[in-house]
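Subject: Structure for your review

Hello,

Here is the structure to look over. My notes come after it.

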Amino acid sequence: MDKKPFLFSKAESKILCLILGVGSWFIAIAELFNPTTEPPTGRRSWLYVPIYNAFGSHGLAMFWFLLGLFIIFTALKKDN
């Protein structure tokens, strides 16, 4: 069994990163216009609660925007 793992090419990974980055921006826009009013609970609350406590209800929108920005910059660096 000589199976190779499925790997993306540079062009495919760039497109995937751009899609994920823009998707994060859509989540940020949704969070901006409909902010979380209470501290989050659940699975990822260990990540969201400190952001919510530090920056208020719009902190999560800022988190998603910065995450999308980082992913998009990563995609643009894939040309090099």
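The notes below go through the helices, their packing and the core.

This is a predicted model, in which local features need pLDDT of at least 70 and side-chain atom pairs count only at pLDDT 80 or more, while totals for chains, interfaces and linings use all residues. Residues are numbered from 1 along each chain as its sequence is written, and side-chain values use heavy atoms, with hydrogens and water left out.

Helix 1 covers residues 10-33 (helices are DSSP runs of H or I, at least four residues, numbered from the N terminus). Its end C-alpha atoms are 35 Å apart, which agrees with the 34 Å that its 24 residues should span at 1.5 Å a residue (the expected span is 1.5 Å times one less than the number of residues). Ser13, Cys17, Gly21, Ser24, Ala28 and Glu31 are the buried residues of helix 1 (buried means under 20% relative accessible area, exposed over 50%, partly exposed in between, with a 1.4 Å probe and protein chains only). These buried residues pack against helix 3 (contact means heavy atoms within 4.5 Å). Ala30, also in helix 1, counts as partly exposed because its relative accessibility is 47%.

In helix 2, Tyr48, Ile51 and Tyr52 are buried. Seen down the helix axis, they fall within an arc of 100°, so they line one face of helix 2 (the arc is that of the directions from the axis to the C-beta atoms). Trp46, Asn53 and Ala54 are exposed on the other side of helix 2. Helix 3 is included in what covers the buried residues of helix 2. Just after helix 2, Gly56 has a positive phi of about 80°.

Helix 2 (residues 45-55) and helix 3 (residues 59-77) pack at about 120°, and their axes are 8 Å apart (axes are lines fitted to C-alpha atoms over the stretch in contact, and angles run from 0 to 180 degrees between N-to-C directions). Leu47, Tyr48, Ile51 and Phe55 of helix 2 meet Gly59, Leu60, Met62, Phe63 and Trp64 of helix 3.

The largest nonpolar core has five residues: Ala28, Tyr48, Ile51, Leu60 and Trp64 (a nonpolar core is a set of buried Ala, Val, Leu, Ile, Met, Phe, Trp, Tyr and Cys residues joined through side-chain atoms within 4.5 Å). Helix 2 and helix 3 are the elements that give two or more residues to this core.

Regards
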